[in-house]
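Hello,

Here is the structure I promised to pass on. My notes follow below it.

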Amino acid sequence: MAKDQTFDDLSAVRRPVETANGLPNAHYIDPAMWDEEKHAVLFANWAGLAVASEVPEPGDAKPIEFLGIPLLLLRGRDGVVRVFENICRHRGMILVSEPKKIEGAIRCPYHSWCYGTDGRLVSTPHVGGPGHNTHEAIVRENLGLNEVRSHIWFDTVFINIDGKADPFEVVHADLLERWKEFGQPLIHGGADSTFTLEVKTNWKLAVENYCESYHLPWVHPGLNSYSRLEDHYNITELGLYSGQGSTLYRQIKGDDGAVFPDFAGLSSFWNEGAEYVAVYPNVLLGAQRDHCFAIILQPNTIDSTSEHIHLYYSTKTTSDTLRAKNSAQWKVVFQEDVFVVEGMQKGRHAPNFDGGRFSPAMDSPTHCFHEWVARKIEAHREGT
Amino acid sequence: MSDLDDRLLAAHAAGDQWGLVGLYAEAADQANGVDAACFFLTQAYIYGLELAHPSVPALHARLDAEGRV
(Lines give C-alpha, C1' and ligand atoms only; values in the text may rest on other atoms or scores of the structure.)
Protein backbone atom coordinates (compact mmCIF):
# COMPACT_ATOMS: atom_id res chain seq x y z
CA MET A 1 0.00 0.00 0.00
CA ALA A 2 1.28 3.47 -0.81
CA LYS A 3 2.69 5.17 2.24
CA ASP A 4 0.60 8.33 1.85
CA GLN A 5 -2.72 6.54 1.36
CA THR A 6 -4.82 4.39 3.60
CA PHE A 7 -6.82 1.37 2.51
CA ASP A 8 -10.04 3.36 2.48
CA ASP A 9 -8.79 6.69 1.21
CA LEU A 10 -9.90 7.31 -2.34
CA SER A 11 -9.91 11.08 -2.09
CA ALA A 12 -6.62 11.36 -3.97
CA VAL A 13 -8.10 9.38 -6.86
CA ARG A 14 -11.09 11.69 -7.10
CA ARG A 15 -9.08 14.88 -7.29
CA PRO A 16 -8.83 16.68 -10.66
CA VAL A 17 -6.44 14.96 -13.06
CA GLU A 18 -3.75 17.57 -12.46
CA THR A 19 -3.33 16.55 -8.83
CA ALA A 20 -4.88 13.09 -8.68
CA ASN A 21 -3.17 9.82 -7.98
CA GLY A 22 -4.23 6.60 -9.61
CA LEU A 23 -5.93 3.81 -7.71
CA PRO A 24 -3.67 2.42 -4.98
CA ASN A 25 -1.91 -0.91 -5.36
CA ALA A 26 -4.47 -2.67 -3.18
CA HIS A 27 -7.00 -2.39 -5.98
CA TYR A 28 -4.85 -4.72 -8.06
CA ILE A 29 -3.32 -7.12 -5.57
CA ASP A 30 -5.37 -7.24 -2.34
CA PRO A 31 -7.94 -10.08 -2.14
CA ALA A 32 -10.14 -8.03 0.19
CA MET A 33 -10.24 -5.21 -2.35
CA TRP A 34 -10.94 -7.68 -5.15
CA ASP A 35 -13.96 -8.88 -3.23
CA GLU A 36 -15.16 -5.36 -2.50
CA GLU A 37 -14.76 -4.25 -6.12
CA LYS A 38 -16.57 -7.35 -7.26
CA HIS A 39 -19.68 -6.14 -5.48
CA ALA A 40 -19.24 -2.37 -5.74
CA VAL A 41 -18.07 -2.16 -9.32
CA LEU A 42 -18.94 -5.32 -11.25
CA PHE A 43 -22.14 -6.56 -9.59
CA ALA A 44 -23.67 -3.14 -8.92
CA ASN A 45 -23.32 -1.85 -12.49
CA TRP A 46 -23.94 -3.03 -16.05
CA ALA A 47 -21.05 -5.41 -16.68
CA GLY A 48 -20.35 -7.08 -19.98
CA LEU A 49 -20.88 -10.84 -19.99
CA ALA A 50 -20.79 -11.94 -23.64
CA VAL A 51 -22.10 -11.00 -27.05
CA ALA A 52 -25.51 -12.07 -28.28
CA SER A 53 -23.93 -13.56 -31.39
CA GLU A 54 -22.50 -16.31 -29.20
CA VAL A 55 -26.02 -17.79 -29.15
CA PRO A 56 -27.14 -17.05 -32.72
CA GLU A 57 -30.02 -19.52 -33.06
CA PRO A 58 -33.13 -20.16 -30.94
CA GLY A 59 -32.30 -22.77 -28.31
CA ASP A 60 -28.58 -22.00 -28.29
CA ALA A 61 -27.27 -22.12 -24.73
CA LYS A 62 -23.84 -21.24 -23.41
CA PRO A 63 -22.75 -21.62 -19.79
CA ILE A 64 -20.49 -18.79 -18.63
CA GLU A 65 -18.91 -18.32 -15.23
CA PHE A 66 -18.80 -14.69 -14.20
CA LEU A 67 -16.76 -13.97 -11.08
CA GLY A 68 -17.61 -17.40 -9.77
CA ILE A 69 -21.31 -17.18 -10.56
CA PRO A 70 -22.54 -19.93 -12.88
CA LEU A 71 -24.62 -18.21 -15.56
CA LEU A 72 -26.42 -19.42 -18.66
CA LEU A 73 -26.66 -17.32 -21.80
CA LEU A 74 -29.71 -18.59 -23.64
CA ARG A 75 -31.58 -17.57 -26.77
CA GLY A 76 -35.16 -18.69 -26.27
CA ARG A 77 -37.37 -20.16 -28.92
CA ASP A 78 -38.97 -16.71 -28.98
CA GLY A 79 -35.63 -15.30 -30.17
CA VAL A 80 -35.02 -13.35 -26.98
CA VAL A 81 -31.57 -13.59 -25.41
CA ARG A 82 -31.71 -13.96 -21.64
CA VAL A 83 -29.27 -14.65 -18.85
CA PHE A 84 -30.12 -17.05 -16.04
CA GLU A 85 -28.35 -18.51 -13.08
CA ASN A 86 -27.26 -21.86 -14.45
CA ILE A 87 -28.79 -23.88 -11.62
CA CYS A 88 -31.88 -25.94 -10.97
CA ARG A 89 -34.29 -24.41 -8.46
CA HIS A 90 -34.57 -27.82 -6.79
CA ARG A 91 -31.11 -28.72 -5.50
CA GLY A 92 -28.94 -26.07 -7.09
CA MET A 93 -27.41 -28.48 -9.57
CA ILE A 94 -25.62 -27.06 -12.60
CA LEU A 95 -28.02 -27.39 -15.51
CA VAL A 96 -25.91 -26.94 -18.64
CA SER A 97 -22.23 -27.84 -18.52
CA GLU A 98 -21.19 -27.07 -22.08
CA PRO A 99 -22.48 -25.03 -25.03
CA LYS A 100 -25.37 -26.85 -26.67
CA LYS A 101 -28.60 -26.52 -28.57
CA ILE A 102 -31.68 -26.96 -26.40
CA GLU A 103 -34.01 -28.90 -28.66
CA GLY A 104 -36.98 -29.07 -26.31
CA ALA A 105 -36.49 -28.36 -22.63
CA ILE A 106 -33.55 -27.91 -20.29
CA ARG A 107 -33.53 -31.07 -18.18
CA CYS A 108 -31.64 -31.02 -14.92
CA PRO A 109 -29.26 -33.98 -14.98
CA TYR A 110 -30.00 -34.74 -11.32
CA HIS A 111 -33.77 -35.23 -10.79
CA SER A 112 -34.86 -34.12 -14.27
CA TRP A 113 -36.84 -31.01 -13.43
CA CYS A 114 -37.39 -29.39 -16.83
CA TYR A 115 -37.32 -25.74 -17.88
CA GLY A 116 -38.39 -23.99 -21.05
CA THR A 117 -35.95 -21.84 -23.00
CA ASP A 118 -37.73 -18.83 -21.50
CA GLY A 119 -36.87 -20.06 -18.00
CA ARG A 120 -40.30 -21.40 -16.99
CA LEU A 121 -40.36 -24.56 -14.88
CA VAL A 122 -42.41 -26.89 -17.08
CA SER A 123 -42.17 -30.29 -15.41
CA THR A 124 -41.30 -31.76 -12.03
CA PRO A 125 -41.17 -35.53 -12.52
CA HIS A 126 -42.18 -37.72 -9.58
CA VAL A 127 -42.21 -34.67 -7.28
CA GLY A 128 -45.39 -35.94 -5.63
CA GLY A 129 -44.14 -39.55 -5.53
CA PRO A 130 -43.49 -42.06 -8.31
CA GLY A 131 -45.65 -41.22 -11.29
CA HIS A 132 -47.09 -38.16 -9.53
CA ASN A 133 -45.62 -35.07 -11.15
CA THR A 134 -47.16 -32.33 -9.06
CA HIS A 135 -47.31 -31.48 -5.39
CA GLU A 136 -49.19 -28.64 -3.80
CA ALA A 137 -46.00 -27.42 -2.14
CA ILE A 138 -44.23 -27.06 -5.47
CA VAL A 139 -45.68 -24.07 -7.30
CA ARG A 140 -44.06 -24.11 -10.71
CA GLU A 141 -44.95 -20.51 -11.47
CA ASN A 142 -42.70 -19.47 -8.59
CA LEU A 143 -39.82 -21.74 -9.46
CA GLY A 144 -38.64 -20.68 -12.88
CA LEU A 145 -34.95 -20.17 -13.49
CA ASN A 146 -33.50 -17.19 -11.66
CA GLU A 147 -33.11 -14.56 -14.37
CA VAL A 148 -30.29 -12.05 -14.22
CA ARG A 149 -31.16 -8.54 -15.33
CA SER A 150 -29.68 -8.03 -18.77
CA HIS A 151 -29.60 -5.55 -21.63
CA ILE A 152 -28.22 -5.90 -25.12
CA TRP A 153 -26.58 -3.02 -26.93
CA PHE A 154 -23.88 -3.10 -29.61
CA ASP A 155 -24.51 -6.87 -29.61
CA THR A 156 -23.03 -6.90 -26.11
CA VAL A 157 -24.92 -8.63 -23.32
CA PHE A 158 -24.68 -6.42 -20.25
CA ILE A 159 -25.80 -7.76 -16.89
CA ASN A 160 -26.58 -6.12 -13.58
CA ILE A 161 -26.07 -8.82 -10.98
CA ASP A 162 -27.45 -6.97 -7.96
CA GLY A 163 -30.46 -5.73 -9.93
CA LYS A 164 -30.23 -2.25 -8.43
CA ALA A 165 -28.56 -0.20 -11.15
CA ASP A 166 -30.56 2.40 -13.02
CA PRO A 167 -31.83 1.17 -16.40
CA PHE A 168 -29.09 0.72 -18.99
CA GLU A 169 -30.62 3.35 -21.26
CA VAL A 170 -30.48 5.84 -18.41
CA VAL A 171 -26.97 5.03 -17.28
CA HIS A 172 -25.59 5.16 -20.81
CA ALA A 173 -27.92 7.76 -22.34
CA ASP A 174 -25.00 10.01 -23.29
CA LEU A 175 -23.07 7.27 -25.08
CA LEU A 176 -26.19 5.93 -26.80
CA GLU A 177 -26.81 9.41 -28.18
CA ARG A 178 -23.17 9.85 -29.16
CA TRP A 179 -23.16 6.60 -31.13
CA LYS A 180 -26.80 6.56 -32.22
CA GLU A 181 -25.71 6.19 -35.84
CA PHE A 182 -24.50 2.70 -34.94
CA GLY A 183 -27.91 1.72 -33.63
CA GLN A 184 -28.25 -0.62 -36.58
CA PRO A 185 -27.57 -4.31 -37.12
CA LEU A 186 -23.95 -5.22 -36.47
CA ILE A 187 -23.12 -8.44 -38.28
CA HIS A 188 -20.69 -10.63 -36.40
CA GLY A 189 -17.92 -11.77 -38.73
CA GLY A 190 -18.16 -15.36 -37.49
CA ALA A 191 -15.57 -17.80 -36.27
CA ASP A 192 -12.68 -16.02 -38.00
CA SER A 193 -13.65 -12.75 -36.36
CA THR A 194 -13.39 -13.66 -32.73
CA PHE A 195 -10.46 -14.56 -30.54
CA THR A 196 -9.55 -14.60 -26.88
CA LEU A 197 -6.39 -13.42 -25.20
CA GLU A 198 -5.54 -14.76 -21.75
CA VAL A 199 -3.73 -12.02 -19.88
CA LYS A 200 -2.06 -12.09 -16.48
CA THR A 201 -3.42 -8.81 -15.27
CA ASN A 202 -6.21 -7.28 -13.27
CA TRP A 203 -9.09 -6.43 -15.61
CA LYS A 204 -8.89 -2.70 -14.80
CA LEU A 205 -5.44 -2.37 -16.33
CA ALA A 206 -6.83 -3.57 -19.64
CA VAL A 207 -9.46 -0.82 -19.44
CA GLU A 208 -6.87 1.79 -18.53
CA ASN A 209 -4.59 0.88 -21.39
CA TYR A 210 -7.45 0.86 -23.87
CA CYS A 211 -8.68 4.28 -22.83
CA GLU A 212 -5.69 6.31 -23.82
CA SER A 213 -3.72 6.99 -26.98
CA TYR A 214 -0.59 8.16 -25.16
CA HIS A 215 1.09 4.78 -25.61
CA LEU A 216 0.39 4.37 -29.31
CA PRO A 217 3.72 5.56 -30.78
CA TRP A 218 5.69 3.46 -28.30
CA VAL A 219 3.70 0.26 -28.09
CA HIS A 220 2.00 0.22 -31.50
CA PRO A 221 4.54 1.71 -33.92
CA GLY A 222 2.84 -0.02 -36.85
CA LEU A 223 -0.56 1.33 -35.88
CA ASN A 224 0.92 4.76 -35.31
CA SER A 225 2.18 4.88 -38.88
CA TYR A 226 -1.39 5.22 -40.13
CA SER A 227 -3.19 6.24 -36.97
CA ARG A 228 -0.88 8.87 -35.55
CA LEU A 229 -0.92 10.18 -32.02
CA GLU A 230 -1.51 13.74 -33.17
CA ASP A 231 -4.67 12.65 -34.94
CA HIS A 232 -6.22 11.42 -31.70
CA TYR A 233 -8.34 13.16 -29.09
CA ASN A 234 -9.41 12.23 -25.59
CA ILE A 235 -12.96 11.20 -24.78
CA THR A 236 -13.53 12.03 -21.14
CA GLU A 237 -17.05 12.02 -19.75
CA LEU A 238 -16.59 12.18 -16.00
CA GLY A 239 -18.76 9.68 -14.18
CA LEU A 240 -19.81 8.02 -17.44
CA TYR A 241 -17.22 6.66 -19.87
CA SER A 242 -13.94 7.50 -21.53
CA GLY A 243 -11.75 6.58 -24.42
CA GLN A 244 -10.05 8.02 -27.45
CA GLY A 245 -11.01 9.13 -30.91
CA SER A 246 -9.18 9.47 -34.19
CA THR A 247 -9.75 12.07 -36.89
CA LEU A 248 -7.79 10.18 -39.52
CA TYR A 249 -9.21 6.68 -39.69
CA ARG A 250 -8.04 4.76 -42.72
CA GLN A 251 -9.88 1.69 -43.90
CA ILE A 252 -8.14 -1.63 -44.24
CA LYS A 253 -7.79 -2.69 -47.88
CA GLY A 254 -7.35 -6.01 -49.62
CA ASP A 255 -4.59 -6.63 -52.12
CA ASP A 256 -7.04 -5.60 -54.81
CA GLY A 257 -7.86 -2.38 -53.02
CA ALA A 258 -11.27 -3.60 -51.89
CA VAL A 259 -12.67 -2.31 -48.61
CA PHE A 260 -15.48 -3.41 -46.33
CA PRO A 261 -18.82 -1.75 -47.09
CA ASP A 262 -19.78 1.11 -44.79
CA PHE A 263 -22.52 0.99 -42.21
CA ALA A 264 -25.64 2.61 -43.55
CA GLY A 265 -26.44 6.26 -43.16
CA LEU A 266 -23.35 7.43 -41.29
CA SER A 267 -22.66 11.15 -41.19
CA SER A 268 -19.52 12.63 -42.74
CA PHE A 269 -17.84 12.67 -39.31
CA TRP A 270 -17.25 8.96 -39.68
CA ASN A 271 -15.55 9.27 -43.08
CA GLU A 272 -12.25 9.66 -41.28
CA GLY A 273 -13.48 9.54 -37.71
CA ALA A 274 -13.24 6.57 -35.36
CA GLU A 275 -13.91 6.24 -31.66
CA TYR A 276 -12.80 3.74 -29.05
CA VAL A 277 -14.71 3.83 -25.79
CA ALA A 278 -14.52 1.95 -22.51
CA VAL A 279 -18.06 1.27 -21.36
CA TYR A 280 -17.46 0.95 -17.65
CA PRO A 281 -16.80 -1.32 -16.04
CA ASN A 282 -15.44 -3.97 -18.43
CA VAL A 283 -16.49 -3.50 -22.05
CA LEU A 284 -14.29 -1.92 -24.70
CA LEU A 285 -15.94 -0.87 -27.95
CA GLY A 286 -14.66 0.46 -31.24
CA ALA A 287 -16.77 2.26 -33.86
CA GLN A 288 -15.56 2.86 -37.41
CA ARG A 289 -17.26 3.41 -40.75
CA ASP A 290 -16.66 -0.11 -42.05
CA HIS A 291 -16.31 -2.33 -39.01
CA CYS A 292 -16.76 -2.28 -35.25
CA PHE A 293 -15.55 -4.40 -32.42
CA ALA A 294 -16.47 -5.35 -28.90
CA ILE A 295 -14.06 -6.60 -26.28
CA ILE A 296 -15.51 -8.26 -23.22
CA LEU A 297 -13.07 -8.36 -20.32
CA GLN A 298 -13.82 -11.44 -18.22
CA PRO A 299 -12.26 -10.93 -14.79
CA ASN A 300 -11.12 -14.38 -13.68
CA THR A 301 -8.97 -13.65 -10.66
CA ILE A 302 -7.41 -10.55 -9.20
CA ASP A 303 -4.53 -10.92 -11.66
CA SER A 304 -5.90 -12.82 -14.63
CA THR A 305 -8.34 -11.70 -17.29
CA SER A 306 -9.75 -13.19 -20.47
CA GLU A 307 -10.12 -10.68 -23.28
CA HIS A 308 -12.82 -11.82 -25.71
CA ILE A 309 -12.63 -9.90 -28.97
CA HIS A 310 -15.47 -9.83 -31.54
CA LEU A 311 -15.41 -8.03 -34.92
CA TYR A 312 -18.54 -6.79 -36.71
CA TYR A 313 -19.39 -5.68 -40.21
CA SER A 314 -22.28 -4.00 -41.99
CA THR A 315 -23.26 -6.99 -44.15
CA LYS A 316 -23.24 -10.78 -44.07
CA THR A 317 -21.32 -10.95 -47.34
CA THR A 318 -17.85 -9.70 -46.62
CA SER A 319 -14.66 -11.04 -48.15
CA ASP A 320 -13.22 -14.03 -46.26
CA THR A 321 -9.72 -12.90 -47.12
CA LEU A 322 -10.22 -9.32 -46.01
CA ARG A 323 -11.94 -10.43 -42.79
CA ALA A 324 -9.02 -12.70 -41.99
CA LYS A 325 -6.57 -9.89 -42.69
CA ASN A 326 -8.53 -7.56 -40.44
CA SER A 327 -8.69 -10.08 -37.60
CA ALA A 328 -4.95 -10.68 -37.88
CA GLN A 329 -4.23 -6.96 -37.83
CA TRP A 330 -6.27 -6.36 -34.71
CA LYS A 331 -4.82 -9.42 -33.01
CA VAL A 332 -1.33 -7.97 -33.48
CA VAL A 333 -2.44 -4.68 -31.96
CA PHE A 334 -4.08 -6.27 -28.93
CA GLN A 335 -1.18 -8.68 -28.41
CA GLU A 336 1.21 -5.72 -28.42
CA ASP A 337 -0.64 -4.46 -25.33
CA VAL A 338 -0.20 -7.68 -23.34
CA PHE A 339 3.29 -6.97 -22.00
CA VAL A 340 2.12 -3.54 -20.88
CA VAL A 341 -0.87 -4.66 -18.85
CA GLU A 342 1.05 -7.60 -17.43
CA GLY A 343 3.99 -5.34 -16.60
CA MET A 344 1.78 -2.84 -14.81
CA GLN A 345 0.22 -5.70 -12.83
CA LYS A 346 3.66 -6.81 -11.63
CA GLY A 347 4.44 -3.18 -10.88
CA ARG A 348 1.54 -2.99 -8.45
CA HIS A 349 3.58 -5.10 -6.00
CA ALA A 350 6.07 -2.24 -5.55
CA PRO A 351 5.16 -0.93 -2.08
CA ASN A 352 6.13 2.67 -2.77
CA PHE A 353 4.01 3.06 -5.89
CA ASP A 354 1.43 5.70 -5.04
CA GLY A 355 -1.02 4.99 -7.82
CA GLY A 356 0.99 7.09 -10.21
CA ARG A 357 0.62 10.63 -11.51
CA PHE A 358 -1.26 11.42 -14.67
CA SER A 359 -0.39 13.57 -17.64
CA PRO A 360 -3.25 16.08 -17.62
CA ALA A 361 -2.92 16.33 -21.39
CA MET A 362 -2.78 12.64 -22.22
CA ASP A 363 -4.16 10.59 -19.31
CA SER A 364 -7.55 12.13 -18.63
CA PRO A 365 -9.42 9.05 -19.99
CA THR A 366 -7.57 6.80 -17.53
CA HIS A 367 -8.15 9.21 -14.68
CA CYS A 368 -11.83 9.32 -15.65
CA PHE A 369 -12.03 5.55 -15.22
CA HIS A 370 -10.22 5.60 -11.88
CA GLU A 371 -12.50 8.36 -10.66
CA TRP A 372 -15.54 6.31 -11.67
CA VAL A 373 -14.25 3.21 -9.88
CA ALA A 374 -13.51 5.28 -6.77
CA ARG A 375 -16.95 6.85 -6.77
CA LYS A 376 -18.61 3.43 -7.12
CA ILE A 377 -16.61 2.05 -4.23
CA GLU A 378 -17.42 5.04 -2.07
CA ALA A 379 -21.12 4.72 -2.91
CA HIS A 380 -20.98 1.03 -2.00
CA ARG A 381 -19.34 1.81 1.32
CA GLU A 382 -21.97 4.43 2.03
CA GLY A 383 -24.71 2.00 1.12
CA THR A 384 -26.09 4.17 -1.65
CA MET B 1 -40.41 -57.39 -18.98
CA SER B 2 -36.96 -58.90 -18.85
CA ASP B 3 -36.38 -58.31 -22.55
CA LEU B 4 -37.64 -54.75 -22.19
CA ASP B 5 -35.49 -54.28 -19.09
CA ASP B 6 -32.48 -55.37 -21.09
CA ARG B 7 -33.32 -52.97 -23.90
CA LEU B 8 -33.85 -50.12 -21.44
CA LEU B 9 -30.53 -50.79 -19.76
CA ALA B 10 -28.81 -50.98 -23.12
CA ALA B 11 -30.36 -47.69 -24.24
CA HIS B 12 -29.28 -46.02 -20.99
CA ALA B 13 -25.77 -47.41 -21.40
CA ALA B 14 -25.61 -46.17 -24.98
CA GLY B 15 -27.02 -42.75 -24.13
CA ASP B 16 -29.81 -43.44 -26.63
CA GLN B 17 -32.26 -40.96 -25.21
CA TRP B 18 -34.38 -40.97 -28.33
CA GLY B 19 -34.83 -44.72 -27.93
CA LEU B 20 -35.62 -44.38 -24.24
CA VAL B 21 -38.76 -42.41 -25.03
CA GLY B 22 -40.24 -45.32 -26.94
CA LEU B 23 -38.99 -47.95 -24.52
CA TYR B 24 -40.45 -46.25 -21.46
CA ALA B 25 -43.72 -45.76 -23.30
CA GLU B 26 -43.66 -49.48 -24.07
CA ALA B 27 -43.02 -50.18 -20.39
CA ALA B 28 -46.04 -48.05 -19.49
CA ASP B 29 -48.18 -50.13 -21.81
CA GLN B 30 -47.06 -53.31 -20.04
CA ALA B 31 -47.35 -51.96 -16.50
CA ASN B 32 -49.75 -53.30 -13.93
CA GLY B 33 -51.72 -50.42 -12.47
CA VAL B 34 -52.05 -46.71 -13.03
CA ASP B 35 -49.19 -45.63 -10.76
CA ALA B 36 -46.71 -47.94 -12.40
CA ALA B 37 -47.89 -46.87 -15.84
CA CYS B 38 -47.61 -43.19 -14.93
CA PHE B 39 -44.12 -43.74 -13.59
CA PHE B 40 -43.00 -45.08 -16.95
CA LEU B 41 -45.03 -42.51 -18.88
CA THR B 42 -43.30 -39.79 -16.88
CA GLN B 43 -39.90 -41.21 -17.74
CA ALA B 44 -40.84 -41.28 -21.42
CA TYR B 45 -42.35 -37.81 -21.30
CA ILE B 46 -39.36 -36.18 -19.59
CA TYR B 47 -36.78 -37.71 -21.91
CA GLY B 48 -38.98 -36.70 -24.81
CA LEU B 49 -39.50 -33.21 -23.49
CA GLU B 50 -35.78 -32.56 -23.51
CA LEU B 51 -35.54 -33.69 -27.13
CA ALA B 52 -38.76 -32.14 -28.43
CA HIS B 53 -39.67 -35.71 -29.38
CA PRO B 54 -42.81 -36.02 -31.54
CA SER B 55 -44.40 -38.35 -28.95
CA VAL B 56 -44.47 -35.62 -26.30
CA PRO B 57 -48.03 -34.37 -26.99
CA ALA B 58 -49.42 -37.90 -26.80
CA LEU B 59 -47.46 -38.73 -23.65
CA HIS B 60 -48.59 -35.49 -22.08
CA ALA B 61 -52.19 -36.30 -22.94
CA ARG B 62 -51.96 -39.74 -21.31
CA LEU B 63 -50.49 -38.27 -18.14
CA ASP B 64 -53.02 -35.45 -18.17
CA ALA B 65 -55.84 -37.98 -18.39
CA GLU B 66 -54.64 -39.41 -15.07
CA GLY B 67 -54.11 -35.98 -13.53
CA ARG B 68 -50.35 -36.47 -13.46
CA VAL B 69 -48.87 -33.53 -15.42
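**Strands and sheets**

A:A50 stands opposite A:V157 in strand 10 of chain A. Helices (H or I, at least four residues) and strands (E, at least two) are DSSP runs, numbered from the N terminus. Strand 10 covers residues 156–160, and four bridges join strand 1 of chain A to it in an antiparallel run. Two strands pair if DSSP finds at least two bridges between them. Five of the five residues of strand 1 of chain A are buried, so strand 1 is largely enclosed by the rest of the structure. A residue is buried if 20 or more other C-beta atoms lie within 10 Å of its own, exposed if 12 or fewer, and partly exposed in between; the C-beta atoms are placed from the backbone.

Before going on, a word on the source. This is a predicted model: local features need pLDDT of at least 70, side-chain atom pairs count only at pLDDT 80 or more, and totals for chains, interfaces and linings use all residues. Residues are numbered from 1 along each chain as its sequence is written, while chains are lettered from A and ligands numbered from 1 in the order in which they are written.

Chain A also has an open sheet of three strands, in the order 6-7-8, with antiparallel pairing. Strand 6 (106–107) and strand 8 (121–123) of chain A are the edge strands; each pairs on one side only. Two bridges join strand 7 (residues 114–115) of chain A to strand 8 of chain A. A:C114 has A:S123 in strand 8 as its bridge partner.

Most residues other than glycine have a negative phi, and most peptide bonds are trans.

- A:S112 is not a glycine, yet its phi is positive, about 70 degrees. It sits in the loop between strand 6 and strand 7 of chain A. A:S112 is buried, because 20 other C-beta atoms lie within 10 Å.
- A:H126, also not a glycine, has a positive phi of about 60 degrees. Its loop runs between strand 8 and strand 9 (147–153) of chain A. A:H126 is partly exposed, with 18 other C-beta atoms within 10 Å.
- A:Y280 and A:P281 are joined by a cis peptide bond, with omega about 10 degrees. A:P281 is in the loop between strand 15 (274–279) and strand 16 (283–287) of chain A.

**Helix 2**

Helix 2 (residues 31–43) of chain A has a kink of about 35 degrees, centred on A:E37. The bend at a residue is the angle between axes fitted to the seven residues ending there and the seven starting there. A:E37 is buried, and so are A:M33, A:A40, A:V41, A:L42 and A:F43. The buried residues of helix 2 pack against helix 1 (26–29), strand 1 (47–51), strand 17 (292–301) and helix 11 (364–382) of chain A.

**Domains, contact and confidence**

Chain A divides into domain 1 (26–46 + 171–382) and domain 2 (54–153). These bounds come from an automatic or database domain assignment. The two domain centres, taken over C-alpha atoms, are 33 Å apart.

The contact between the chains takes twelve residues from chain B and 13 residues from chain A. Residues are in contact if their C-beta atoms, placed from the backbone, lie within 7 Å. Helix 3 (residues 34–51) of chain B gives the most to the chain B side, with eight residues.

Chain A averages a pLDDT of 94, and 97% of the residues score at least 70. Over residues 1–6 of chain A the pLDDT is below 50. pLDDT is the predictor's confidence in each residue, from 0 to 100.

Best wishes

Methods
Contact = placed C-beta atoms within 7 Å.
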